Amino acid sequence: MKYNKLPDKCVVEFMKKHKIKNACEFGCGEGRNAIYLAKNDVETEAYDLSEIAIENARRNAGESRAEKVVFQAGNIFELDLTDKRFDLVIDSGIFHHLTPHRRLQYRDIVSDILTENGYFILLCFAAGEDGADEVDDYEFYKRRQTGAAFTEERLKAFWGEKLDAADIRKGENIADNEMWESEYLYVCVFQKA
């Protein structure tokens, strides 16, 4: 099985422990997590900025017979999510690419669409690994970076203003027939109290 069709290990493990009715994924790419959720009887909405990725995701969903997923191309900051509420929101690649001023808006979007006691799974570049450099906001703009790494403390402080940290750990290098994960990421699970 190709990497781009493998769900993230944290999503697989999460689903073994939690009963989720509906979910949303931001930055879904070719649909690997969204398809996995749909095949596990979770009503899923998945969004990505790339129309090509969404076309591929729809094709992959059809090939996998994943019927409980809707894919949509669009900019997360332009989506109308006002009346949407989800038990689970997943970000496997957006947050670490956002400019600092957009991160605050993004945190509000995620918090607003989560149900009470809902979960947010975040995978982002870990400081000190190969994904990206940790930089302060000024340096992010000055260097015109396209991504930033974070420390565990910084993730807890930033997301902790809206959500409780249930688990934050460094990723492992895993790629088998069931799931994928990389050591250059932090794997975070937050919960809305």
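**Burial, cores and selected residues in a predicted chain**

Buried residues account for 52% of the 193 residues in the chain. Here, buried means under 20% relative accessible area, exposed means over 50%, and partly exposed lies in between (1.4 Å probe, protein chains only). The model is predicted, so local features need pLDDT of at least 70 and side-chain atom pairs count only at pLDDT 80 or more, while totals for chains, interfaces and linings use all residues. Residues are numbered from 1 along each chain as its sequence is written, and side-chain values use heavy atoms, with hydrogens and water left out.

The chain holds six helices and nine strands. These are DSSP runs, numbered from the N terminus: helices are H or I runs of at least four residues, and strands are E runs of at least two.

The largest nonpolar core has 31 residues. Such a core is a set of buried Ala, Val, Leu, Ile, Met, Phe, Trp, Tyr and Cys residues joined through side-chain atoms within 4.5 Å. Phe 26, Phe 95, Tyr 106, Phe 120 and Trp 159 have the most contacts inside the largest core. Two or more residues come from each of β1 (22–26), β4 (86–91), α4 (100–113), β5 (114–125), α6 (152–159) and β9 (185–191). Another core, of 25 residues, lies apart from the largest one. Its members include Phe 14, Ala 127, Ala 149 and Trp 180.

Helix α2 (residues 32–39) is largely enclosed by the rest of the structure, because seven of its eight residues are buried. These are Arg 32, Asn 33, Ala 34, Ile 35, Tyr 36, Leu 37 and Ala 38. After α2 comes Asp 41, with a positive phi near 70°.

Strand β2 (residues 43–48) contains Glu 45. Glu 45 counts as buried because its relative accessibility is 18%. Its side chain makes a polar contact with the side chain of Lys 84 at 3.0 Å. A polar contact is a pair of N or O atoms within 3.5 Å; within protein, one must be able to donate a hydrogen and the other to accept it, and residues adjacent in sequence count only if both atoms are side-chain atoms. Not counting residues up to four places away in sequence, Glu 45 touches Ala 23, Cys 24, Glu 25, Val 70, Lys 84 and Phe 86.

Asp 48 also sits in strand β2. Asp 48 is buried yet has no salt bridge. A salt bridge requires a side-chain nitrogen of Lys or Arg within 4 Å of a carboxyl oxygen of Asp or Glu. The nearest side chain of opposite charge, Arg 32, is 9.3 Å away. The side chain of Asp 48 instead reaches two backbone nitrogens, that of Gly 29 at 2.7 Å and that of Ser 50 at 2.9 Å.

Positive phi values also occur elsewhere. Arg 65, a residue other than glycine, has phi near 55°. Arg 65 lies in the loop between α3 (51–64) and β3 (69–73) and counts as exposed, at 73% relative accessibility. Asn 117 is not a glycine either, and its phi is about 70°. Asn 117 belongs to strand β5 and is partly exposed, with a relative accessible area of 44%.

Note on methods
Contact = heavy atoms within 4.5 Å. Lys, Arg positive; Asp, Glu negative; His and termini not counted.
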